[in-house]
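Please keep the sequence and the structure in view while reading.

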Amino acid sequence: MQPEVMMKKKCISARKASLVLFLCQMISALDVPLDLSQPPTITQQSPKDYIVDPRENIVIQCEAKGKPPPSFSWTRNGTHFDIDKDAQVTMKPNSGTLVINIMNGGKAEAYEGVYQCTARNERGAAISNNIVIRPSRSPLWTKEKLEPNQVREGDSLVLHCRPPVGLPPPIIFWMDNAFQRLPQSERVSQGLNGDLYFSNVQPEDTREDYICYARFNHTQTIQQKQPISVKVFSMDSLNDTIAANLSDTDIYGARPVTERQPVLLTPTGSTSTKVELRGNVLLLECIAAGLPTPVIRWIKEGGELPANRTFFENFKKTLKIIDVSEADSGNYKCIARNTLGSAHHVISVTVKAAPYWITAPRNLVLSPGEDGTLICRANGNPKPSISWLANGVPIAIAPEDPSRKVDGDTIIFSHVQERSSAVYQCNASNEYGYLLANAFVNVLAEPPRILTPANKLYQVIADSPALLDCAYFGSPKPEIEWFKGVKGSILRGSEYIFHDNGTLEIPVAQKDSTGAYTCVARNKLGKTQNEVQLEIKDPTVIIKQPEYKVIQRYGQVSFECIIKHDSTLLPTVLWLKDNDELPDDERFLVGKDNLTIMNVTDKDDGTYTCIVNTTLDSVSASAVLTVVARPNPPFDLELTGQLERSVELSWIPGDENNSPITNFVIEYEDGLHEPGVWHYQTEVPGTQTTVQLKLSPYVNYSFRVIAVNEIGRSQPSEPSEQYLTKSANPDENPSNVQGIGSEPDNLVITWESLTGFQSNGPGLQYKVSWRQKDVDDEWTSVIVANVSKYIVSGTPTFVPYEIKVQALNDLGYAPEPSEVIGHSGEDLPMVAPGNVQVHVINSTLAKVHWDPVPLKTVRGHLQGYKVYYWKVQSLSRRSRRHIEKKILTFRGNKTFGMLPGLEPYSTYKLNVRVANGKGEGPASPDKVFRTPEGVPSSPSFLKITNPTLDSLTLEWGSPTHPNGVLTSYILKFQPINNTHELGPLVEIRIPANESSLILKNLNYSTRYKFYFNAQTSVGSGNQITEEAVTIMDEGKMAMASRQVDIATQGWFIGLMCAVALLILILLIVCFIRRNKGGKYPVKEKEDAHADPEIQPMKEDDGTFGEYSDAEDHKPLKKGSRTPSDRTVKKEDSDDSLVDYGEGVNGQFNEDGSFIGQYSGKKEKEPAEGNESSEAPSPVNAMNSFV
């Protein structure tokens, strides 16, 4: 079975009216199979009005079908055309088409005439239309002498084309000598007759090459008229000419250009008429003269212009109505209007109609004894006359047929016989044309036959119409019935539509419509049937459609088109741009379900459509791509309204490139002072194209404009013309005037000089004035060149001065400047702060007080006080080899400050100095103070040596920072069993002068953990931890070995050797891991079974803090400790942090606040202190595995 594609070439779309669908079917019930006798039928013929190219062969078509095959003959101008007698004429084989050989000597003009073809066989004769053959003509322009057109500015003008009469009429257009079309507008336009109309002429219309061209499309030739010269006299030149050559009575009076109200150039008069034929295009034209140029408007009197069929062309001078009908008849008024008045013209339109069919006669197939009718009905304006012919002969003189009766536009047939077969022609004609139709009567007696192939497969999409063909023939006409399935009942009901040509239509096919359908055709001579198959497919759906995209130029964009389709159908995806093929460009990459465009350009802007086609359906989805970019630069900059201090700038915006212009930036260049440097002037909204600009004197301005949109800034426009403004006094004085002495006896006056742009004229200078403040002195002034500094010498030390600097140029002074206060130079402070007192707050913090110095002795701007302090001696150990002084600065007029970060139990000295911009004053006498004791640091190391069955030897080093007098050491230890649980905690206090201890009465082969720290009278320091193991009882090991006699066996000795080797390997691995800090699980047991005696200490009561040493994961390392030097508890001082000065190492902010070590630190829990950092000895490592 070959599947048939339903709705092929979109003959119809789904859900269209079924009768329209029927007309698209290939076979109807009136088509007689070609194996049966039938009269001729004309299938192809040339047009009625046939214009031919005289340089090519003439082909007059006439094709027909029939059984037996028809023969052909021709008439020319109403008489028989014997083609055998003309060597230039041949007829194609098995065809009636004539070929007249022009290219080999024939002349087309000799074969002009009216031709008609007749196709004839034994059952009748069919005739063609009258075919009028005319060769096309493209004659040359007649030579004529064209006088130059001299016309006054503002007058109207018509340049006549008058092309030669051609066949068909030529297309007219105006160009110049360079073959460029002449521009047209509301003022200048071409009429329907080809003339060029000027509503009013302007000086720019002067030229000598107005050329009218006529293009004859049929012969592909263009004819050219002689150039026409137009000279427009402007009023200025015309007045000069009049004064020199013309008298006062000549035609051109010395009148100025005057405005004129509209006058119609075409059509003339107030009314005219127009006749147009039904179905044609109606063109009405009005062109008017006037100044200003008139505007044309169209109305229909007593009605409205037809919607959707009305168009305006040629700047609304032409009214175009397509597909006119009798209802479009009426009066159409054109109105030309300008500011001085109006003119109008009424065109009365009458729509006539050549004949058109109401009911054309159709072929009639009858069986002997049947009745039938041929109907020929046509309309037109005027009403057409109907005439009948039989086999090409007027029916009045045709052979008699008793079964035939003519009744006007109808022929009635009764009880036909086989001899009644014939071809009848109906001719409907009026003065505007004619219609000719052939319709045969074929008398046959034939049993039914079904022409649709058997078992034909139809495939349709679900929810679409299904059309199952049952093309048939039979005479009498068979009756058609449809069944579903092999033994199904006859199909009836509203869900089916049965067409006259036998087609079964299922308007909305569903999945359950799938199956076999049987068509049965029967008449009185027999019955036949045919089965076809119907399959319903899932529709194709675009589940991910392309989406609207906005992309910047040179970017990349991708459109998706993901589809879902019936698994038995093979879809193809086609991408279109603006309903056309994609450009042949490698930047367009079509993927399986997407379209990607690389390096996007402006040309890629448009609508992209994804079309998915299968053999049964087609779906599409579209999306718009908008390519945006920075705008093009503005152009045509123009300066108008030039004044001394302002000018108006206008411009034309460039293309905004699909992103609206938001604003314009105007920049200027000062060609006099800074050529080549562009400065910002102002900016205006994007809707504005003019701006009034404020100007400065003595500047040679050029302007440029930059357009801005959301994408960015355009390139700058071309610069405008230059505009030099006049000089003037300076408008402003120097800024940032200051007076600061560099030496104790001078005053340095500085300022920011004016730019050349600000100078307003040549000869820029400055008047510098000064006087001592609060002293009744006169101003001292000096005029200096264009500099930015002046030094006044011999001033008192650090006294205030009033200062002003005024600009001047060759035209005068700037406005009076404002005064500023400056000071002469500073000198070092004279005295030191007195009454320095120190209050020690705790072991690491002290507070210092002093009395401020008198401001007069500062001799400058007071910047603050500096405290110098240094450690003289540590009371718990030898003094350092060198003294490191520290400095804290306290801004402003402060009289106290905090000294943090002191070392406990030490002697310090300090002094205080005042500072100004020049430097520091003398130091105050040194003040000595001592810090109290603090808690010590952790012992420097802890070693455990000489392990025995029940003892261990502990050795340690004193703390690196005792921070006071040591009172004792505290040792705590506890056992760790095989399950890593901690045993009871034992504490021992050791005198401070001891450095070792032997612990006895320990359990053999037991691991212990030790916690060790030092104490002063203030409290305990940080602890260090260590672990060790006592050795195993060797006597019990020997007893155990004697009890096992099996140890003397050879196989056991070998086994033990292997085990010993394995243990040795394990020992080596573990030893390596321990040296690398390998973790063992005792720490987890310690966390799970913390000794109740080892609880966290709170900062305020001195109890143990939380055990959180990061080194506890390395139990075999010794001597590790947590630094706790110079820790301070929070409650030890109530002073604010802002009391701390600025250290030289950056620990203090500018306002004196301390950001360094002044913060409390938590002490570590004894059971979880820092472990030793000393590497374990091999003996201890081996003992831990005994």
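## Disulfides

Six disulfides are present in the structure, a disulfide being a pair of cysteine sulfur atoms within 2.5 Å. A bond of this kind is covalent and joins the sulfur atoms of two cysteines. The model is a predicted one, in which local features need pLDDT of at least 70 and side-chain atom pairs count only at pLDDT 80 or more, while totals for chains, interfaces and linings use all residues. Residues are numbered from 1 along each chain as its sequence is written, and side-chain values use heavy atoms, with hydrogens and water left out.

| Disulfide | S to S distance | Torsion about the S-S bond |
|---|---|---|
| Cys161 and Cys212 | 1.9 Å | -70° |
| Cys286 and Cys334 | 1.8 Å | -70° |
| Cys376 and Cys426 | 1.6 Å | about -70° |

Where in the chain does the disulfide of Cys161 and Cys212 have its two ends? Cys161 is found in the loop between β14 (157-159) and β15 (171-175), and Cys212 belongs to strand β18 (residues 207-216), so that distant parts of the chain, 51 residues apart, are linked. Strands (E, at least two residues) and helices (H or I, at least four) are DSSP runs, numbered from the N terminus. The link of Cys161 and Cys212 is left-handed, and both cysteines are buried. Buried means under 20% relative accessible area, exposed means over 50%, and partly exposed lies in between (1.4 Å probe, protein chains only).

The disulfide of Cys286 and Cys334 is left-handed. Because Cys286 sits in the loop between β23 (282-285) and β24 (287-291) and Cys334 in strand β28 (residues 330-338), this pair ties together parts that are 48 residues apart in sequence. Both Cys286 and Cys334 are buried.

For Cys376 and Cys426, the torsion of about -70° is the reason why the disulfide is left-handed. The pair links distant parts of the chain, 50 residues apart, with Cys376 in the loop between β31 (372-375) and β32 (377-381) and Cys426 in strand β37 (residues 422-430). Cys376 has a relative accessibility of 0% and therefore counts as buried; Cys426, also at 0%, is buried.

Cys1057 counts as partly exposed at 48%, and Cys1070 counts as partly exposed at 28%.

## Salt bridges

How many salt bridges does the structure hold? There are 38, where a salt bridge is a side-chain nitrogen of Lys or Arg within 4 Å of a carboxyl oxygen of Asp or Glu.

In one of them, Glu144 meets Lys225, with the closest N and O atoms 2.5 Å apart. Glu144 lies in the loop between β12 (131-135) and β13 (149-152) and Lys225 in the loop between β19 (221-224) and β20 (228-233), so the pair ties together parts that are 81 residues apart in sequence. Glu144 is partly exposed, at 36%, whereas Lys225 is buried, at 3%.

Arg309 and Asp328 form another salt bridge, with an N to O distance of 3.0 Å. Here Arg309 is partly exposed, at 21%, and Asp328 is buried, at 4%.

Arg913 forms a salt bridge with Glu920, at 3.7 Å between the closest N and O atoms; Glu920 is partly exposed, at 24%. Finally, salt bridges link Asp176, Arg207 and Asp209 in a network.
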